[in-house]
Amino acid sequence: MPALSITDPDDPRIADYRALTDVELRTKWEPPNGLFIAEGELVIHRALRAGYRLRSALVDEKRVDQLGDLPADAPLYAAAPPVLEAVTGFHVHRGILASFHRRELTPLDQLLAGARRLAVLEGLNTHTNLGALFRSAAALGIDAVVLSPTCADPLYRRAVRVSMGEVFAIPYAKADDWPQTLAAIRAAGFTLLAMTPAPDAVALQHLTAAQRERPALLLGAEGPGLTRQALEASDVRVAIPMHNEVDSLNVATAAAVAFWELGRTAIS
């Protein structure tokens, strides 16, 4: 399908792309309207491979001929860089944006039945951390992610971009009730491992084979960490041993270290 030229930033055909840097506005607009935005050709093609259905694409008019194949049943809009910036609120240096239809999330019981290793996130509301964590989860053997109701949206543009599209590779569910969901995770056969710098925490490398068999790693937000309720619901409190009096790591970094360790054979 040939690209359709856009010259007016207020053109209603590209309403999906308006004010992409306004987090509050996009959070209120995207999930209720069943869409999300992907940025960059690599991420867009990963979304397509994962089975997400394209609504439309918006591209720098100078790059139309550089695109790989996109589904022909979705409109392709092209505009000059000043128009793109006026619509989105930023310089679209990757040259292409796409709007996709969201899918229904996997029900929690189905998610738990199909997973061996879980990441369980409480209150992670920074999109960059969330995107980085999903990328590590995909790379390091985590099968699924459970999000508390206060977590950020994994399909927000910045989270998708930081994950390099790996949010599409990991199934996730959002809990309706919290922390009661933690009891359901334990009932499904998982061992709840709460990441905390508390002095009574067990070093990750000292976990037993049984504790590694079906781990559900609980991670809290930067700063506050896990709530008291989440810590009390856990089976084991765990930590990454630190040096030089450093008390903690960025949550996405800590998650990557823990994911790698949980994928190793237990040390006797």
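Trainee: Is Glu39 buried or exposed, and what decides it?

Mentor: Buried means under 20% relative accessible area. In this predicted model, Glu39 has a relative accessible area of 3%, so Glu39 is buried.

Trainee: Which side chain meets Glu39 in a salt bridge?

Mentor: Side chains of opposite charge can pair when their charged atoms come close. Here the partner of Glu39 is Arg161, at 3.5 Å from N to O. Arg161 is partly exposed, at 23% relative accessibility. Glu39 lies in strand 2 (residues 35–39) and Arg161 in helix 6 (residues 157–162), so the pair ties together parts that are 122 residues apart in sequence.

Trainee: Which residues do salt bridges that share partners join into one network?

Mentor: That network consists of Arg26, Glu30, Arg102 and Asp153. Within it, Glu30 and Arg26 meet at 2.9 Å, N to O, and both are buried. A search of the whole structure finds twelve salt bridges.

Trainee: How are helix 5 and helix 10 oriented to each other?

Mentor: Angles under 35 degrees count as roughly parallel. The axes of helix 5 (residues 127–139) and helix 10 cross at roughly 10° and come within 8 Å. The two helices are therefore roughly parallel to each other.

Trainee: What kinds of residues make up the contact of helix 5 with helix 10?

Mentor: Eight are nonpolar, two are polar and none is charged. Among them, Leu133 and Ala137 belong to helix 5, and Ala255 and Phe259 to helix 10.

Conventions. Residues are numbered from 1 along each chain as its sequence is written. This is a predicted model: local features need pLDDT of at least 70, side-chain atom pairs count only at pLDDT 80 or more; totals for chains, interfaces and linings use all residues. Side-chain values use heavy atoms; hydrogens and water are left out. Axes are lines fitted to C-alpha atoms, for helices over the stretch in contact, and angles run from 0 to 180 degrees between N-to-C directions. Helices (H or I, at least four residues) and strands (E, at least two) are DSSP runs, numbered from the N terminus. Angles under 35 degrees count as roughly parallel, over 145 as roughly antiparallel, 65 to 115 as roughly perpendicular and the rest as oblique. Contact means heavy atoms within 4.5 Å. Ala, Val, Leu, Ile, Met, Phe, Trp, Tyr, Cys and Pro count as nonpolar, Asp, Glu, Lys and Arg as charged, and the others, Gly among them, as polar. A salt bridge is a side-chain nitrogen of Lys or Arg within 4 Å of a carboxyl oxygen of Asp or Glu. Buried means under 20% relative accessible area, exposed over 50%, partly exposed in between (1.4 Å probe, protein chains only).
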